[in-house]
Amino acid sequence: MRMTVLASGSKGNSTVIASAHTRLLVDAGLSCRELLKRMALAGEDPAALDAILITHEHQDHIAGLATLARRLRIPVFLTEPTHRAWVRMVTPRTTMTYAQWLNHVQKEKEARAELAAARLATEPGDPCTELCASSITASSSCMETPASSSCAGSGTTDLQAGAADLDEDDLPAPGLKPDPAYLPAVEYFHSGTNFSIGDISITPFTIPHDAADPCGFVFESRSEAVRMAVATDLGYLPPNVKSVLKRIDVLLLESNHDLEMLRDGPYPWAVKQRVLSRVGHLSNHATAEFLARDYDGGAAYIVLGHLSEANNVPELALLAAEQAIGGRMTLLGNRVLLARQSAPLDPICL
């Protein structure tokens with residue numbers, strides 16, 4: 001099996017997991033163009049990808065999802081709540097200011113008045129026509145009470161994500177707007193329930209993070225009997241995660257921030273509280289504590305990922321992890337690597 005971390009950090013995450021016969025992309029947090037560039041640099045063939053798996057709907061994990069899936073015409077595997085949350089994010093919403101709503105109401109009233117006048121002019125003296133005209137005029141007054149903050153008409157688009165990065169093949173017929181939530185194929189899975197793609201068996205597991213239905217993955221090749229895991233974006237390590245991260249040969253584990261750097265750093269207080277919360281991100285200290293107390297020592301490689309550029313230093317994360325492992329480190333196993341935001345990590349092959 002092979003793990004190739006294309007990017008890991010707050011600006012985008014993506015990893016290739018490959019066996020002899022199957023290639024999967026875990027998350028697509030960079031633009032389609034950048035993902036293709038990173039794969040070329042790492043020696044990965046995009047055309048050989050069989051599917052894309054999504055951990056959760058945050059932008060640094062799905063930024064290039066729609067365009068890449070459409071270009072490669074491959075299925076996307078994710079949970080149903082994650083899919084619904086992503087669709088809401090990328091679907092443009094038309095909203096209207098109060099001034100625009102008043103203008104909309106006035107135009108409706110004028111249109112109804114013109115229609116009533118036209119009918120009276122066509123059939124003057126007809127009681128039915130006069131009754132219809134009075135009903136139209138009365139109904140226009142009902143428009144003077146706002147019924148919704150989201151109305152048809154001239155408005156402002158809150159979100160245009162995904163629409164600007166479409167290929168020519170994805171463009172709709174003239175006069176139609178592209179659907180930014182369109183995917184060639186969608187497959188749902190449930191955390192805790194195993195499924196397979198090709199010769200790779202996949203175990204999704206629930207993680208504590210502030211998303212709709214976030215998960216990590218354990219990948220096992222049935223032919224090579226090698227197990228790889230992706231576990232990032234966790235506020236803490238609950239028992240279910242500790243249990244599933246046993247007998248792993250290559251472990252991509254979050255080491256997001258240094259506690260002191262985060263507390264003294266540039267983030268607003270609300271963001272600091274989110275990162276430090278039980279649905280935020282793992283600190284160097286929390287990761288080291290797991291490695292010292294609960295890690296079984298079986299991995300050939302431990303890859304530290306999702307490092308914050310503002311609140312961490314690679315040397316600090318590396319030092320904390322190596323000290324936690326302590327005497328279990330050998331030349332043949334437990335090698336600690338750092339995944340980077342700016343460039344792909346060399347492929348790890350077992």
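His61 is in contact (heavy atoms within 4.5 Å) with Asn13, Asp27, Ala28, Gly29, Ile54, Thr55, His56, Thr232, Asp233 and His306, leaving aside its neighbours within four places in sequence. This is a predicted model, in which local features need pLDDT of at least 70 and side-chain atom pairs count only at pLDDT 80 or more, while totals for chains, interfaces and linings use all residues. Residues are numbered from 1 along each chain as its sequence is written, and side-chain values use heavy atoms, with hydrogens and water left out.

**His61**
- His61 is found in helix α2, residues 59–62; helices are DSSP runs of H or I with at least four residues, and strands are E runs of at least two, both numbered from the N terminus.
- His61 is buried (under 20% relative accessible area), at 0%.

**Cavity**
- On a 1 Å grid over the protein atoms alone, a cavity is a set of points where a 1.4 Å probe fits but cannot get out, and lining residues have an atom within 4 Å of a point.
- There is one cavity of 30 Å³ or more, and the largest cavity has a volume of about 70 Å³, which is the space filled by probe spheres set on the points, joined across faces, edges and corners.
- His61 is one of the residues lining the largest cavity, which also include Asn13, Asp27, Thr55 and Thr232.

**Sheet**
- Seven strands form an open sheet with mixed pairing, in the order β8-β5-β4-β3-β2-β1-β16; two strands pair if DSSP finds at least two bridges between them.
- The edge strands, β8 (186–188) and β16 (348–349), each pair on one side only.
- Strands β3 (residues 23–26) and β4 (residues 51–53) are parallel, paired over three bridges.

Note on methods:
On a 1 Å grid over the protein atoms alone, a cavity is a set of points where a 1.4 Å probe fits but cannot get out, and a pocket is an open set with protein on both sides within 12 Å along at least five of seven lines; lining residues have an atom within 4 Å of a point. Buried means under 20% relative accessible area, exposed over 50%, partly exposed in between (1.4 Å probe, protein chains only).
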